[in-house]
Amino acid sequence: MPTDVVSAAPLTPIAPARPWHIGLIGFGCVGQGLYDILQQHPASGFVVARIVVKNPAKARTLPAERFEFDADALLVDDSLDVLVELIDDANAAFALVAAALLRGRRVVTANKAMLARHLPALVALQRAHGGTLLYEAAVCGSIPIIRTLDAYFGTEPLRRLTGILNGSSNYVLTRMGEGGTDYGPALAQAQQLGFAETDPSLDMGAFDPRSKAVLLAAHAYGLFLDPEQVLNLGIEGISATDIAFAASRGQKIKVVAGLQRLPDGRVTALVTPQLVGPESPLFGVDEEFNGVVLEADFAGEQFLRGRGAGGHPTGSAVLADLAALRQGFAYHYAKTAAPPTHATDLEIEIYLRTDEPRLIDLLDFSEVSEEADEDGYVVGYVALAHLIAHRDLLREYGAFIMRTGQLRPIGEAATPVLETASGRV
Ligand code: HSE
């Protein structure tokens, strides 16, 4: 090594910057998680200066004088370096975040339902007024998936993204699969542990992972989807019969989001229960953990796994956004410059279990490969568009549906042409 390198002057220590002042809106599971992390790590360089909550009467873990009740007052407080929005109500959250971005402010949010509904407007507000919005905590808790897609894979095309994006439903499936616990008690446990949404049907009906899939589509493909366009099938109708069906094949049931580029360049997006075998990295993603498999054109396959729900893991993602903001980071949304179109004119192989034969007629299977009258299930191909059109009715009748195979173009019997390189899930 050259001596001039060895004898170079030591690096000058960077003077500690003034801590950034946070205006925190919402003090639920994630808000408390963030607060607790900052208390445990005062050297992080962030202090919670003001906290706004909705309900003055609610008992809280901090003295009453720490709380105030007018979120608008934080929007105009220029002594706050950043606003952190962690409330439940998606409409109120949009009003606050939009107003903050109109003022050119820095904002961190974890509100996936709000973001999925309003992302194009929020991106436009940032571009017009110079504010910055980050939301790593909105998808997969502690897994740095948004920043990975936006910054690292901002240029490289992706073939496929496959992920378990909801901790609560994964927890319920794990309890049912491993412990033989019934659905109801397993869901109650997920709620007690603070994984579930205030309305747990958002988790169990796959509305929550659908919002997350919409956000991932924006960063992975540059595609802004209306959440309603994305098929979401949940696990409210699941029974021990379905778990046994999967186990008899050495597989597990997972709620999986699949984003996939088709050979013609269009992109599909759907969130459904799915059979997953031991060859998939998602097979071992249990409890409240989330996992994402990326298949990139040049990098090949990558797998990220981590805690997908809970105050500390999600608070950790908020802290990572705060640190990124302090370094001047903003999302690039690079792929939105040339977005693909969204494809739903496909068939999908499913397992449908129902005691209502009319549902089988309604879905109009183009091909049936297996039928078991005693267990009430049928396996075969149906049009994705039929599932999208009838998903509310299927839910209402308590049917359980899971994906068992690949997508294929309509009318191409016995040709799973959309298999990708790994073909794992
Ligand atoms: N209810 C969500 C879940 C919380 O279970 O994944 C994290 O977004």
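Here is a walk through this predicted model, from its open sheet to its salt bridges and a few spots on its surface. Local features need pLDDT of at least 70 and side-chain atom pairs count only at pLDDT 80 or more, while totals for chains, interfaces and linings use all residues. Residues are numbered from 1 along each chain as its sequence is written, and side-chain values use heavy atoms, with hydrogens and water left out.

Six strands build it in the order 3-2-1-4-5-6, with parallel pairing. Its edges are strand 3 (67-68) and strand 6 (132-134), each of which pairs on one side only. Helices and strands here are DSSP runs numbered from the N terminus (helices are H or I with at least four residues, strands are E with at least two), and two strands pair if DSSP finds at least two bridges between them. Take strand 4 (residues 82-85) and strand 5 (residues 106-109) as an example: they run parallel and are joined by 3 bridges. Glu-85 has Thr-109 in strand 5 as its bridge partner.

Helices lie across these strands. Helix 2 (residues 29-40) lies across strand 1 (20-25), strand 2 (46-52) and strand 4, and runs at about 145 degrees to strand 2. Helix 12 (residues 311-326) lies across strand 1, strand 2, strand 4, strand 5 and strand 6, and runs at about 160 degrees to strand 5. For such angles, axes are lines fitted to C-alpha atoms, for helices over the stretch in contact, and the angles run from 0 to 180 degrees between N-to-C directions; contact means heavy atoms within 4.5 Å.

Next, look at helix 6 (residues 145-152). Which of its residues are buried? They are Ile-145, Ile-146, Thr-148, Leu-149 and Asp-150. Buried means under 20% relative accessible area, exposed means over 50%, and partly exposed is in between (1.4 Å probe, protein chains only). The cover over the buried residues of helix 6 includes strand 7 (158-164), helix 10 (207-221), strand 11 (289-296) and strand 12 (300-307).

Now move along to strand 13 (346-353). Strand 13 is mostly covered, with 8 of its 8 residues buried. Leu-346, Ile-348, Ile-350 and Leu-352 point one way, Glu-347, Glu-349, Tyr-351 and Arg-353 point the other way, and all are buried. Strand 13 pairs with strand 16 in the antiparallel sense over 7 bridges, and it also pairs with strand 15 (residues 377-383) in the antiparallel sense over 7 bridges. Leu-352 shows both pairings: its bridge partner in strand 16 is Ile-401, and in strand 15 it stands opposite Val-378.

Salt bridges come next. The count comes to 27 salt bridges, each being a side-chain nitrogen of Lys or Arg within 4 Å of a carboxyl oxygen of Asp or Glu. In one of them, Glu-197 meets Lys-112, with the closest N and O atoms 2.8 Å apart. Glu-197 lies in the loop between helix 8 (183-192) and helix 9 (201-204) and Lys-112 in helix 5 (residues 112-129), so this pair ties together parts that are 85 residues apart in sequence. Glu-197 and Lys-112 are both buried.

Another salt bridge joins the side chains of Glu-295 and Arg-160 (3.4 Å, N to O). This pair links distant parts of the chain, with Glu-295 in strand 11 and Arg-160 in strand 7, 135 residues apart. Glu-295 counts as buried because its relative accessibility is 3%, and Arg-160 counts as buried at 3% too.

A further salt bridge brings together the side chains of Arg-391 and Glu-228 (3.6 Å, N to O). Arg-391 is in helix 14 and Glu-228 in the loop between helix 10 and strand 8 (231-232), so the pair ties together parts that are 163 residues apart in sequence. Arg-391 counts as buried, at 8% relative accessibility. Salt bridges that share partners also join Lys-112, Glu-197, Asp-208 and Lys-212 into one network.

Finally, let us visit the surface. Is Asp-355 buried or exposed? Asp-355 counts as exposed because its relative accessibility is 70%. Its place is the loop between strand 13 and helix 13 (357-363).
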